[in-house]
Amino acid sequence: MLGLRHLCGRPRAVSVIVTGRTATRRLLRVSVAAALVALTASLGPGVGGAVVPAPIDPARLPPNSDPAPLAPTEQRNACAVAVPMGADPEVPQAQRTMNFASVWPITRGQGQLVAIIDTGVAGHPRLPGLRPGGDYVSNGDGIGDCDAHGTVVAGLIAAAPIPGSGFAGGAPDAQIISIRQSSANFSEARRQDDPNDVQNSTGYGNTQTMAMAIRRAAEMDAKVINISEVACRSAADGIDDGSLGAAVQYAALVHDAVVVAAAGNYGSGGCMIQNPPLDPLNPSADQWASVSMIATPAWYDDYVLTVGSVNPDGSPSEFSLGGPWVDVAAPGTGIVSLSPDGRSQTQQWVTSQGESRSFDGTSFAAPLVTATVALVRARYPHLTAQQVISRIESTAHAPAEGWNPYVGHGVVDPVAAVTADLPLDGVASDAARSVPVAAPTPAPTPDTRPRTVALAATGGIAAVVVLSVLASYPLRRRRKM
């Protein structure tokens, strides 16, 4: 069974993923899936192999049941500690980049129910719409956060603004459902290590519990689902995540939910191989043919909006895991959000060695995009989940290549996503189009006849004058004689 842990941001615990590309590439991937997956086993770690998700089997969808761990669990470690900070009137860098406040006169995400599948969300006065969604780690209800992760994610989505603080969530009127699916500080009681578990730290949570949590969120009618968790495995080893694929397909198609997930953090947990960039000598090459590291459920490209991280200058964060499934990007460094202490804000957490570290990771880029999805869905309730995704991709600030495996279609722009005049397919209605243009009519050949006649006449007169002068010489000589 594949384990999940926060991999997409601090604290290193559970993290997951989502996105979409062009219809042509999707069709191609489905048609060759069986053959490509068969090739995977023959490739060694770190060697790019043609690999795509196996065709989804709806029969692998987990049953609709009450949330509970798959086995008895116990807490093994003390809960993570976030460093509290006082309210600061300065708007944090990530919020300045996203410029959510410019959208609020139009929409604040009202009426949107956003499920956060994470480490739980602590109750906080700035999250008045927080609801329990269930617990797959222990016997709780999803409210509470022992890992200082899910609360940070929730704050980035829906923290209410208050006087004296420049920080607020991107969609402050959205309501949050908290589903606890993982924890780095819990594990199975009497757990035996399974070599097939794909984890990035000890703890609890795997692809099966993730699939169960996604179905739970869909059944609770969440139209936006944030998954800041991921499971990684090398392409050489392959991955058995059929239940997760069935769950994201069910949420997207049956319940019309937009599933947003973090791309994962290279170098953390199981994501130890970075997928390659575009080949400048062959930029149109199929990126799926060079995948070295699988990230799930990110690679279920038809049903997930996957988010990479960028630095304040817009460059891809060095920790952001690339892949052909990455759709868009958002800031993922130097994050400020709500503290799981239930009172304050935070921008740092304390490691087990007593070191203070900032909140950095694709885990925290994903909720900024989730907030944008909530704003768009509130503004355009008639749009389907796929149309919302297309709109967000179409209005992102694209890289020079148009798309690349680290930032996808570019950094998300909430203002453009909410206000741009786009048709349903997400392509700008005023986009430039190629039209045939007639070749210019050649200029008429100039009529040189008048000039020729004038020159000829002048030449004739000159000749007559010259001949007359010459003819007068003999007459002059006779007169002199």
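Predicted model: local features only at pLDDT ≥ 70, side-chain atom pairs only at ≥ 80, totals over all residues.

Guide: Residues are numbered from 1 along each chain as its sequence is written, and side-chain values use heavy atoms, with hydrogens and water left out.

Visitor: Why is Ser 339 called buried?
Guide: Buried means under 20% relative accessible area, exposed over 50% and partly exposed in between, with a 1.4 Å probe and protein chains only; Ser 339 has a relative accessible area of 1%, so Ser 339 is buried.

Visitor: What makes Trp 299 and Tyr 300 an edge-to-face pair?
Guide: Rings of Phe, Tyr and Trp (its six-membered ring) pair if their centres lie within 6.5 Å, and planes under 30 degrees apart count as stacked, over 60 as edge-to-face and the rest as tilted. With 6.1 Å centre to centre and 70° between the planes, Trp 299 and Tyr 300 form an edge-to-face aromatic pair.

Visitor: Why are the rings of Phe 359 and Phe 364 called edge-to-face?
Guide: Their centres are 5.8 Å apart and their planes stand at 90°, so the pair of Phe 359 and Phe 364 is edge-to-face.

Visitor: Why does Phe 359 count as buried?
Guide: Phe 359 has 0% relative accessibility, and therefore counts as buried; Phe 364, also at 0% relative accessibility, counts as buried too.
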